[in-house]
Amino acid sequence: MKISRRQMLILLPAAAVAWESVMAGTPEDAPNYKMTGHWWGMLIDIPKCIGCGNCVRACQTENDVPDGYFRTWVERYHRSDWPMSESGDVTPNPLIAPEVISPDGGKEGFPAATDESGKYFFVPKMCNHCAESPCTQVCPVGATFISPDGVVLVDQTYCLGCAYCVQACPYGCRYVHPEKKVADKCTLCYHRITKGLTTACCEACPTGARQLVDLKNPNDPIHAFLKTHSVQVLKPQMATGAKLFYNDLDGSVR
Amino acid sequence: MSVFKDAGHLFRFAGLFVLAFLIFLVVRHYIVPKSFGQYGHYRGASIGEIAARPVKFAGHETCETCHSDEAAKKSSGKHAHVNCEACHGALASHADDPSIMPVLPDTAVLCARCHTASAAKPKGFPQVDPASHYPGTPCNTCHQPHSPGMDAGGAK
C-alpha cells in the first residue's frame, strides 16, 4: 500500500487522537468497590449531638489534619430569643443573631453553659459533598472534582494552591494546607468508605449523631429516615445539591 | 492548474500549520496524565490514590472479631451504641499487630468529655458535675465503662 505525503499528513493526527483514547482508562485501584454503585452523603442528627468533639479529634487523627485547621468542626448555638415567655411578650426575633462559639473547632469540647435561658444546640459541620458543588466548578486546572460516587475530592498532585475553591465554598469547608500548600478538605474518609468502613467521625461519634449514608443503597436506613423526619440542608437557596442532611435543624443556622 | 498558480506560499503556510498542530498533539500526549478525562475533567487515577491511604481507625467490627467478650458486655448496657474506638482511640495499628499494646484511657478525663454537665447538652443525656461528684476519683472506681447503667450490675 502506497501512502502519499498528503495522505500521511492527514493520517498522522487521526492516529494520534485514536492512540490517546486507547491509552486513556486505567483500571480502578480498589477492585471490589464499584464507584457507580454508591452515592455518598451524611446524616447529622442535631438532637443527639452532645458537643464532645470526638469527631473533630478522630478526623484529625485519621487524616493528619494540621492543628488549627479543620475538615470537620462543631459549633454551639445559643438563641436567647427562644422559647417565647408564657406572657407572650417575647417573641422569636430573627433579627437577634444567635451566639455561635467553636473554640478550637470544638476539639476539646465546650465551656459549660452558664446562661440557662434560651435554646442551645450543637451543629457539627463539614464538607457537604455537594452534587452541584461550587468549589469544583472554579478550579482552573481540574484538580478538584466530584467522583462518580458523589464525593468531592482534591487531586493534591495536580493542585496549584490558588485557593479559588477555598473562596468558592459557601460552607467554609476548605483550607490551603500550611505545609503542602495545596487545597485540603474532607474526603468523606474515601480511603475508608471504599473498604467498607464508615468514616472516622462516624466511627468515633458516641451518640450516633453522625451517620454515613449511601443514597444508592436501597437498604440504607436513610430512606426510611428521610420519609419520617424533617430534614434540612445548609443554604438550600444556593442550590448546591448538598448531601449533608441535618435532622431537626434550627432556622438560625447558617 | 492555473488556479493554483503562484499559490505555493499558501501551501507552505498550510504545511507549517499542520506541522505545528502535530507538535502540539505530541507535546500534549506527553504532558497530560494518561487518566485525565477518564471520568471527567480531572485525573482519574487520583481517585485510586486517595482511596489507597492507610486506615487508622480499625472499625468496631474489626475489634469485635477478637474482643467478643467486651462486645457482648457492651451490647446489653447503655454504651451499646458507642464504638470501641470512640473511647480507646484509633487502633488500626493494634489490629494489624496485636503486640502493639494500646494505652488504657484515663477515665477521669475520658468520661468527663461527654458527661460533664452543661445546660447546652440535650436534657435526656446523663450528666454530672465532676467538681462535686467524687472529684479526683477515676470514674471506673464505681462505674464499669463497658456497661455503666446503675441497673446493669456495673455500678456498686
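**Exercise 1. Find what A:Asn54 touches, leaving out residues up to four places away in sequence, and say whether A:Asn54 is buried or exposed.**

Solution. 
Step 1. The model used here is a predicted one. Locate the residue: A:Asn54 belongs to helix 2 of chain A, which covers residues 54-63.
Step 2. List the contacts. With residues up to four places away in sequence set aside, A:Asn54 touches A:Ala204, A:Pro206 and B:Ala86. The list therefore includes a residue of chain B, and contact here means heavy atoms within 4.5 Å.
Step 3. Classify the residue. Its relative accessibility is 11%, and buried means under 20%, so A:Asn54 counts as buried.

**Exercise 2. Describe the contact between chain B and chain A: how many residues take part, and what area is buried?**

Solution. 
Step 1. Count the residues. Chain A gives 55 residues to the contact, and chain B gives 44 residues.
Step 2. Read the area. About 4,200 Å² is buried between the two chains, and carbon and sulfur atoms give 61% of this area.
Step 3. Count the polar links. Between chain B and chain A there are 16 residue pairs in polar contact, with both residues at pLDDT 80 or more.
Step 4. Look at the side of chain B that touches chain A. Helix 1 (8-31), helix 2 (45-51), helix 5 (84-88) and helix 7 (107-115) of chain B each supply at least two of its residues.
Step 5. Sort that side by class. It has 24 nonpolar residues, 11 polar residues and nine charged residues.

**Exercise 3. Which residues are joined into one network by salt bridges that share partners?**

Solution. 
Step 1. Name the members. The network joins A:Asp67, A:Asp104 and A:Lys107.
Step 2. Look at one bridge. The side chains of A:Lys107 and A:Asp104 meet at 3.9 Å, N to O.
Step 3. Classify these two partners. A:Lys107 counts as buried at 7% relative accessibility, whereas A:Asp104 is partly exposed at 43%.

**Exercise 4. What does the side chain of A:Thr144 reach, and is the residue buried or exposed?**

Solution. 
Step 1. A:Thr144 is in strand 5 of chain A, residues 144-146.
Step 2. Classify it. The relative accessible area of A:Thr144 is 6%, which is under 20%, so the residue is buried.
Step 3. List its contacts beyond four places in sequence. These are A:Cys135, A:Thr136, A:Cys139, A:Val152, A:Leu153, A:Val154 and A:Arg174.
Step 4. Pick out the polar partners. The side chain of A:Thr144 reaches the backbone oxygen of A:Leu153 at 2.8 Å. The side chain of A:Thr144 also makes a polar contact with the side chain of A:Arg174, at 2.6 Å.

**Exercise 5. Where do A:His129 and B:Tyr134 lie, and is each one buried or exposed?**

Solution. 
Step 1. Read the backbone angle. A:His129 is not a glycine, yet its phi is positive, at about 45 degrees. B:Tyr134, a residue other than glycine, has a positive phi near 45 degrees.
Step 2. Place each residue. A:His129 is in the loop between strand 4 (119-126) and helix 3 (134-137) of chain A. B:Tyr134 lies in the segment after helix 7 of chain B.
Step 3. Classify each residue. A:His129 is buried at 2% relative accessible area, whereas B:Tyr134 counts as exposed at 59%.

How values were computed
Residues numbered from 1 in each chain as written. Chains lettered and ligands numbered in written order. Predicted model: local features only at pLDDT ≥ 70, side-chain atom pairs only at ≥ 80, totals over all residues. Heavy atoms only, no water. Buried area = accessible area lost by both parts, 1.4 Å probe. Polar contact = N/O pair within 3.5 Å; in protein donor to acceptor, adjacent residues only side chain to side chain. Helix = DSSP H or I, 4+ residues; strand = E, 2+ residues; numbered from the N terminus. Nonpolar A, V, L, I, M, F, W, Y, C, P; charged D, E, K, R; others polar. Buried < 20%, exposed > 50% of the residue type's maximum accessible area, 1.4 Å probe, protein only. Salt bridge = Lys/Arg side-chain N within 4 Å of Asp/Glu carboxyl O.
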